[in-house]
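Here is a short briefing on one structure. Look over the sequence and the model, then take the topics in turn.

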Amino acid sequence: MKDLKVISYEKLNEWIEKTEKDVKDELEKIKTNEDEILDRFYKDLEFGTGGMRGKMGAGSNRMNIYTVARATQGFANYIKSKKDFPSVVIAYDNRNMSPKFSKIAAQVFAGNGIRVYLFPELTATPILSYAVRHLSADGGIVITASHNPPEYNGYKVYTSDGTQAVPKYAKMIIEEVNKLDYFNDIKIMNYDEAVEQEKIKILDDELFNDYIDEIEGYIRSIDPSIKRNLDITYTPLHGTGLKPVEEILSKLGFNVNIVKEQAIHDGNFPTVKSPNPEEKKAFDMALKLAKETNSELVLATDPDADRIGVFEKNGNDYVTFNGNEMGIMLSHFLLTNMKEHAILPKNGVIIKTIVSTEMIKPIAKEFGIEVEETLTGFKFIGEKMEYYDQTKTKKFLFGFEESYGCLANNHARDKDAVIASALIATLKSKLKQEKKTLKEYLQELNEKYGFYKEKLLSYTFEGIQGNQKISKLMKIIKEEPPAKLNNAELFETVDYNSGINGLPKSNVIELRYENIKIIARPSGTEPKIKFYLMVKGSSFEEAMSKIDFAEKAVSEIVNKI
């Protein structure tokens with residue numbers, strides 16, 4: 001610990017000496033706060049499952065113009081080692097500092113002779129993925145912290161296929177970043193000069209319109225005869241979804257009611273505790289408007305519009321569905337419609353993450369479709385998509401993960417709440433014609449394929465001591481797992497760090513019992529450890545009983561530290 005303290009204080013003094021006045025002033029205020037100094041400087045902000053993400057502020061373990069510039073210089077060095085005349089695309093969301101961070105990144109790329117395509121306004125993450133592919137760029141970045149609290153921001157890195165950098169590429173990029181000094185090794189060009197010399201090109205609406213046209217064409221090909229007589233309430237939760245989601249739903253003929261208070265782009269997210277569509281409280285204002293307008297469907301997207309949450313009118317109230325449930329319903333809907341219209345390919349594949357519901361497997365089997373699994377993180381789904389697109393060995397149909405993200409079509413390589421909103425609305429419209437609800441549809445699927453239920457448990461452990469606790473928990477799970485969950489005996493412990501089924505090595509432990517799985521995984525972007533509980537029962541009650549047994553086991557494990 002002493003070494004970390006020495007390193008942290010040395011870094012603090014260097015940053016006070018070499019940074020701009022506002023950063024110096026911020027650091028001067030914490031000079032006597034040892035814990036704060038350690039937290040800000042004991043390490044460099046790292047790349048995780050979603051790129052680089054952290055609290056904004058001064059320090060090497062914070063998001064600021066210096067950590068962004070250094071990351072960009074490292075990415076620039078990596079790109080230049082692969083291509084002679086490279087280009088990148090940059091997008092940003094509504095978070096505080098996002099426009100400034102995107103501008104700094106553009107200046108560094110320009111300073112390295114890399115052409116930049118810069119979006120002039122806040123832009124959804126899936127549009128960035130689409131843009132990298134559409135413009136044949138060599139990489140891209142999005143300045144976003146997705147659904148994290150307001151004090152966070154982040155930096156997502158994309159490779160030339162429009163996929164977030166998977167470990168084999170992220171490793172090379174971070175090696176380049178780690179070679180760099182924050183203050184002496186950064187090449188940066190004046191922004192106005194770079195724009196004037198066309199080293200930074202500001203994108204216009206043409207690319208956005210092409211993206212919307214692509215999605216509209218796909219939706220109409222899937223279900224050309226659907227009557228879209230549906231009232232929808234939608235909230236972008238102050239983020240980037242407003243323009244694309246409203247545009248696609250309106251073009252498809254849906255009546256969309258926007259939550260005006262949450263249509264204001266604001267990085268402080270003043271109307272929600274957390275801008276996360278996975279949380280029911282984020283829907284409070286949308287549900288109020290839905291009741292006033294008698295909307296049948298309520299949608300919310302997170303700040304960078306790659307995740308989506310759903311509520312449906314059910315009698316006088318509204319019910320919600322989690323990411324697994326929506327993934328199942330959309331998968332079955334797509335497979336059914338493709339089969340009806342004779343466009344279901346024989347070599348089709350649905351791709352999910354290892355922590356997403358197993359219920360997709362019997363559904364896909366009935367339609368003669370393969371299911372493939374990846375590690376957690378949509379970038380691994382994107383990587384498989386690109387491989388099959390290049391080799392033409394399989395046809396990607398749909399990809400989803402339990403954390404409210406999915407993708408259909410081949411236009412992007414990341415989860416896309418814009419196309420998801422169109423698919424969900426189209427499914428709801430079809431069910432309305434059949435005088436059926438989403439809830440009834442899901443019940444039918446459960447009765448046919450089995451009662452699969454899942455639950456996510458998340459524990460937060462901040463700082464250095466938190467890191468140590470998470471490591472200790474992973475050791476306990478691997479070496480001292482519960483031998484029994486009620487009557488179900490543990491029959492296998494799977495350590496993904498040993499490389500399972502050809503997947504990259506990952507710090508994930510899976511405990512397998514009969515019809516019960518517990519998967520433990522430290523978050524790559526937040527100070528959390530997550531436990532995914534996955535069960536199958538012969539009834540809803542039996543499935544929930546198994547969830548209770550698994551939850552109790554996890555609680556006992558966590559109480560050991």
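Helix H10 (residues 242-251) lies across E8, E9 and E10. H10 runs at about 155 degrees to E9. Axes here are lines fitted to C-alpha atoms, for helices over the stretch in contact, and angles run from 0 to 180 degrees between N-to-C directions. Helices (H or I, at least four residues) and strands (E, at least two) are DSSP runs, numbered from the N terminus.

This is a predicted model, in which local features need pLDDT of at least 70 and side-chain atom pairs count only at pLDDT 80 or more, while totals for chains, interfaces and linings use all residues. Residues are numbered from 1 along each chain as its sequence is written, and side-chain values use heavy atoms, with hydrogens and water left out.

**The five-strand sheet**

- The open sheet has 5 strands in the order E9-E8-E10-E11-E12, with mixed pairing. Two strands pair if DSSP finds at least two bridges between them.
- E9 and E12 stand at the edges with a single partner strand each, so one side of each has no neighbour in the sheet.
- From one strand to the next, the twist averages 25 degrees.
- E8 and E9 run parallel and are joined by 4 bridges. Thr233 stands opposite Asn257 in E9.

**Helix H11**

- Ala286, Leu287, Leu289 and Ala290 are buried in helix H11 (residues 284-293). Buried means under 20% relative accessible area, exposed over 50%, and partly exposed in between (1.4 Å probe, protein chains only).
- Seen down the axis of H11, these buried residues fall within an arc of 165 degrees, so they line one face of the helix. The arc is that of the directions from the helix axis to the C-beta atoms.
- On the other side of H11, Lys288, Lys291 and Glu292 are exposed.
- The buried residues of H11 pack against strands E8 (231-235), E9 (255-258), E10 (297-301), E11 (308-314) and E12 (317-321). Contact means heavy atoms within 4.5 Å.

**Gly323**

- Gly323 belongs to helix H12 (residues 323-340). Gly323 is buried, at a relative accessible area of 8%.
- Gly323 touches Phe400, Glu401, Glu402 and Tyr404, leaving aside residues up to four places away in sequence.
- Gly323 and Phe400 are 77 residues apart in sequence, but 8.1 Å apart in space, C-alpha to C-alpha.

**The six-strand sheet**

- Another open sheet has 6 strands in the order E17-E22-E21-E20-E19-E18, paired antiparallel.
- Strand E17 (451-460) and strand E18 (484-485) stand at the edges, each with a single partner strand, so one side of each lacks a neighbour in the sheet.
- Helix H18 (residues 540-558) packs on this sheet, touching E17, E18, E21 (516-522) and E22 (528-537). The direction of H18 makes about 20 degrees with that of E17.

**Rings and charges**

- The whole structure holds 13 aromatic pairs. Rings of Phe, Tyr and Trp (its six-membered ring) pair if their centres lie within 6.5 Å; planes under 30 degrees apart count as stacked, over 60 as edge-to-face and the rest as tilted.
- Tyr387 and Tyr388 have ring centres 5.4 Å apart and planes at 65 degrees, so the pair is edge-to-face.
- Tyr387 is partly exposed at 49% relative accessible area, whereas Tyr388 is buried at 7%.
- Arg70 lies over the face of Tyr182, 4.4 Å from the ring centre. A charge sits over a ring if NZ of Lys or CZ of Arg is within 6 Å of the ring centre and within 35 degrees of the ring normal.
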